[in-house]
Amino acid sequence: MIGDIKMTSLKFIKAENYEELSKIGAAFFVQQLNEKPASVLGLATGGTPEGLYKQLVTSYKQGEVSFENAVTFNLDEYTGITEDNAASYHHYMAENLFKHVNIQASNINLPKGNVADPEASTVAYEALIAQAGGIDLQLLGIGVNGHIGFNEPHTPFTATTTIIELTPSTREANQIYFDKLEDVPTHAITMGIKTILNAKKIVLVMSGESKRKAFEQLRSGKVSEDFPASALHLHEDVTVIYTDID
Ligand code: F6R
């Protein structure tokens with residue numbers, strides 16, 4: 001216990017390599033959907049989960065899993081770019097997962113970053129998640145600065161879905177998806193840390209040397225708003241799958 005905060009222990013699984021990380025991560029989702037076909041899944045984008053999504057598509061094609069009744073909520077989306085922009089998370093999800101599996105379009109949810117009133121859409125997104133019964137299994141990646149979703153350092157752990165200003169380090173890390181740094185949006189809409197912690201089960205995937213500092217901070221068990229992913233120590237069921245870090 002820290003004060004009146006209940007500390008729990010994260011489970012760490014070391015994968016031999018990226019392929020194994022992807023397979024172990026995908027297996028969480030296959031099991032979840034087989035146990036509860038109408039599961040509510042929280043999804044992430046970025047480089048790290050790409051292999052996991054490939055594995056899920058393979059499992060679907062081999063008849064091991066169905067997305068027919070699954071409902072999905074993505075963590076985040078940039079503001080100010082259209083959904084058909086190749087760097088948007090709408091586009092990423094369609095390309096990496098949705099167009100390859102039998103998910104119903106009406107069951108797919110991503111935060112809306114390109115609307116006249118983004119603030120209203122943050123409230124609407126929380127309401128949609130609640131209406132769906134909450135998230136059963138949430139996938140996370142982690143930023144080099146410890147962000148989860150786009151919750152940058154110093155975001156209160158009490159935050160729900162919100163508009164956030166991206167830090168220079170996050171904009172630089174994500175520049176690879178844009179032609180130039182100036183094209184990387186300055187803001188995003190993201191599930192808040194509280195929203196993430198409300199998920200019943202969480203799986204975080206992390207891979208590669210660039211994540212070493214974040215890995216060590218997470219392992220240390222120290223809980224601080226300076227390091228957003230440390231909020232996961234306050235959750236009862238988090239598994240961290242990692243590779244190529246130690
Ligand atoms: C993406 C997201 C981010 C990423 C993180 C790591 O939806 O929420 O927190 O998970 O920036 O990205 P990669 O995997 O590209 O290193």
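Trainee: Which residues are exposed on the other side of H7?

Mentor: In this predicted model, Lys-213 and Ser-220 are the exposed residues on that other side of H7. The term exposed is applied to a relative accessible area over 50%.

Trainee: Which residues of helix H7 are buried, and what puts them on the same side of the helix?

Mentor: Within H7, residues 212–220, the buried positions are Ala-214, Phe-215 and Leu-218. Their directions from the axis cover an arc of only 100°, and therefore they lie on the same side of H7. Strand E1 (11–14), strand E9 (201–207) and strand E10 (238–243) are what these buried residues pack against. After H7 comes Gly-221, with a positive phi near 85°.

Trainee: Why does Ile-103 count as buried?

Mentor: The relative accessibility of Ile-103 is 12%, and buried means under 20%. Ile-103 therefore counts as buried.

Trainee: Where is Ile-103 found, and which residues does Ile-103 touch?

Mentor: Ile-103 belongs to the loop between H3 and strand E5 (108–109). Leaving aside residues up to four places away in sequence, Ile-103 touches Phe-67, Ala-70, Thr-72, Phe-98 and Ile-108. Between Ile-103 and Val-71 there are 8.0 Å in space, C-alpha to C-alpha, although the two are 32 residues apart in sequence.

Trainee: Which residues of H3 are buried, and why are they placed on the same side of the helix?

Mentor: In H3, residues 89–96, the buried residues are Tyr-89, His-90, Tyr-92, Met-93 and Asn-96. Because they cover an arc of only 165° around the axis, they are on the same side of H3. Their cover includes strand E2 (40–43), helix H2 (50–61), strand E3 (71–74) and strand E4 (76–78).

Trainee: What is found at the start of H3?

Mentor: There, a side-chain oxygen of Ser-88 comes to within 3.5 Å of the backbone nitrogen of His-90.

Notes: Residues are numbered from 1 along each chain as its sequence is written. This is a predicted model: local features need pLDDT of at least 70, side-chain atom pairs count only at pLDDT 80 or more; totals for chains, interfaces and linings use all residues. Side-chain values use heavy atoms; hydrogens and water are left out. Buried means under 20% relative accessible area, exposed over 50%, partly exposed in between (1.4 Å probe, protein chains only). Helices (H or I, at least four residues) and strands (E, at least two) are DSSP runs, numbered from the N terminus. The arc is that of the directions from the helix axis to the C-beta atoms. Contact means heavy atoms within 4.5 Å. A polar contact is a pair of N or O atoms within 3.5 Å; within protein, one must be able to donate a hydrogen and the other to accept it, and residues adjacent in sequence count only if both atoms are side-chain atoms.
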